[in-house]
Amino acid sequence: MKGLIDIGANLSHESFRHDVEEVKARAHAAGVDTMIVTGTSVEGSRAAIAVAEGRAPALYATVGVHPHDSEGFDDAALRVLEELAQSPSVRALGECGLDYNRDYSPREAQRAAFEAQLELATRMPLPVFLHERDAADDMVAMLRDYRDRMADGVIHCFTGTRESLFRYLDMGLYVGMTGWICDERRGTHLREFVGAIPRDRLMVETDAPYLLPRTIRPMPKHRRNEPCFLPYVVETIAEATGRAPEDVARETADTARRFFRL
Ligand SMILES: [Zn+2]
């Protein structure tokens, strides 16, 4: 496979600290030409920019505060995000959103941090990289208030139901698929309706180092996911939709280039 774009790779994660150059080389060898490095906190966003800066078109970054990190989010943090977003390597705000599955931050703090970042999105030309788990109702309600005034948005690592998928699509949002769809224990429902996502609204991502695709053969001994495993996500989507993997690769990359203005 070639020409793939991984729209969500946490390359500034500490698990890549010792070998990020090898990880990037393996990704390129596997046909992943471009990776968008996810920012998940103020410091993490700085780190994502440090990984991506000056390395376009191979690497870009996002800046945002993840719902897990939203406790303590304040105006000062928002100002830093706004400043970091001026970097030429930054192509989206986020990830930001709501996660009621883990509840690592109180829901009230999650909603406040998310709302502040949505408000920032209305003042910037950047699209938004959205995270939602078990929080679709609140997510839709909050997005509705901002949708008309923000640029595009992608629900990254979509894991929800068919119903919530269509609510997001109806709002004109994009969808990111990870190795979750490769998981025979909890991702089979995604295979049933991934074909309903319009081809110009679907993108692929690894969310590395998380979500190692369970279809990898042979399974690596370590459990760390890497962008070089993105083809397994593409293969599974191709299988589920009866399309050629090369077509899924090309179409998702075209969509990513348009969405992130690469
Ligand atoms: Zn996420």
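## Cysteines

At 10% relative accessibility, Cys-157 counts as buried, a class that means under 20% relative accessible area, with exposed meaning over 50% and partly exposed in between (1.4 Å probe, protein chains only). The model is a predicted one, in which local features need pLDDT of at least 70 and side-chain atom pairs count only at pLDDT 80 or more, while totals for chains, interfaces and linings use all residues. Residues are numbered from 1 along each chain as its sequence is written, and side-chain values use heavy atoms, with hydrogens and water left out.

With a disulfide taken as a pair of cysteine sulfur atoms within 2.5 Å, the count comes to zero. Cys-157 is in no such bond, since the nearest cysteine sulfur, that of Cys-182, is 11 Å away. Cys-228 is also buried, with a relative accessible area of 13%, and its sulfur is too far for a bond, because the closest cysteine sulfur, again in Cys-182, is 13 Å from it.

## Zinc site

The zinc ion has as its protein donors Glu-95 (OE), His-131 (ND1) and His-156 (NE2), which lie 2.0 to 2.2 Å from it. Donors here are N, O and S atoms within 2.8 Å of the metal (3.2 Å for Na, K and Ca), and as water is not among the atoms, sites may look incomplete. In sequence, the spacing of the donor residues is E-x35-H-x24-H. His-131 belongs to strand β5 (residues 128-133) and His-156 to strand β6 (residues 153-156), so the pair ties together parts that are 25 residues apart in sequence. Helices (H or I, at least four residues) and strands (E, at least two) are DSSP runs, numbered from the N terminus.

Both of these histidines are buried, His-131 at 11% relative accessibility and His-156 with a relative accessible area of 1%.

## Largest pocket

The largest pocket holds about 540 Å³ of space and is lined by 25 residues, of which His-66, His-68, Glu-95, Asp-207 and Tyr-210 lie nearest its centre. Glu-95 is also one of the zinc donors. The elements that give two or more residues to the lining are β4 (90-99) and β5, and β5 gives the most, with three residues.

A pocket is defined on a 1 Å grid over the protein atoms alone, as an open set of points where a 1.4 Å probe fits, with protein on both sides within 12 Å along at least five of seven lines, and lining residues have an atom within 4 Å of a point. Grid points are joined across faces, edges and corners, and the volume is the space filled by probe spheres set on the points. By class, the lining has five nonpolar, 12 polar and eight charged residues.

## Backbone geometry

Pro-57 lies in the loop between α2 (42-52) and β3 (59-63), whereas Pro-209 lies in the loop between β8 (202-204) and α8 (230-241). The loop between β8 and α8 also holds Leu-211, a residue other than glycine whose phi is positive, near 60°.

Arg-261, in the segment after α9, has a positive phi as well, near 50°, and counts as exposed at 55% relative accessibility. Within helix α9 (residues 245-260) is Thr-255, which is buried with a relative accessible area of 1%.

Technical notes
Ala, Val, Leu, Ile, Met, Phe, Trp, Tyr, Cys and Pro count as nonpolar, Asp, Glu, Lys and Arg as charged, and the others, Gly among them, as polar.
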